[in-house]
Amino acid sequence: MTTLIYAGNVMASDSQLTTCNIPCNGNSQKIFQSEHLLVGYAGSVAKALRIVDWVIYDHCAPDMKPDLSDLEDSDYDIIVVDKQTKKCWTYEGGALDAIPLSQPTAIGSGSPAAMGAITYMKMNKLPLDAKAAVKCGIACDIFSGGKVQSVDLNPRPKRVKKMVSPKAVSPKE
């Protein structure tokens, strides 16, 4: 149970962990990255983290698909973003086949509220704000909460430091 969204080349999520419909941790990491990939998950932590490891460390190698048969719950969704191309895809609910996604996209129990916020931003010609969309998901979904975490793939302009000329110092007599 989560609110996770990828919009405007920013992935953002809540940080609440829920077990048996009871919120139990407000500082859970749900977004991971490697040199080339950005990965976020919602749902069953045990299975999702196995898939995250497979995506990040084995680069989705078909011959190295993780065995999930020992885990009963198959309720998970994962969003994967290629940092270079900004293309995204998902793995969901037991299937380990990549499904292409369009941007923006959201997963988790708070995703309808987050996508509603994104739709509002689009309709009003506002910049897409993934963090604000997650905050909307948190406000509307009892199973989302904690701090908002995010990773921004947008290039930032380099800051140029102003050179300050030293003050003229007069010699003391």
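**Entry 1: asparagine 9.** I looked up asparagine 9 and found that it counts as buried because its relative accessibility is 18%, where buried means under 20% relative accessible area, exposed over 50% and partly exposed in between, with a 1.4 Å probe and protein chains only. I worked on a predicted model, in which local features need pLDDT of at least 70, side-chain atom pairs count only at pLDDT 80 or more, and totals for chains, interfaces and linings use all residues. Residues are numbered from 1 along each chain as its sequence is written, and side-chain values use heavy atoms, with hydrogens and water left out.

I located asparagine 9 in the loop between β1 and β2; helices (H or I, at least four residues) and strands (E, at least two) are DSSP runs, numbered from the N terminus. Leaving aside residues up to four places away in sequence, I listed its contacts (heavy atoms within 4.5 Å): asparagine 9 touches Lys86, Gln103, Val151, Asp152, Leu153 and Asn154.

**Entry 2: salt bridge.** I searched for a side-chain nitrogen of Lys or Arg within 4 Å of a carboxyl oxygen of Asp or Glu, and the count came to one salt bridge. Lysine 30 pairs with aspartate 14, and their closest N and O atoms are 3.1 Å apart. The pair links distant parts of the chain, 16 residues apart: lysine 30 lies in the loop between β4 (22-25) and β5 (31-33), aspartate 14 in the loop between β2 (10-13) and β3 (17-19). I noted that lysine 30 and aspartate 14 are both buried.

**Entry 3: helix α2.** I recorded Ser111, Ala113, Ala114, Ala117, Ile118 and Met121 as the buried residues of α2. These buried residues pack against β1 (4-7), β10 (105-107) and α3 (130-140). Just after α2, I found lysine 125 with a positive phi of about 55°.
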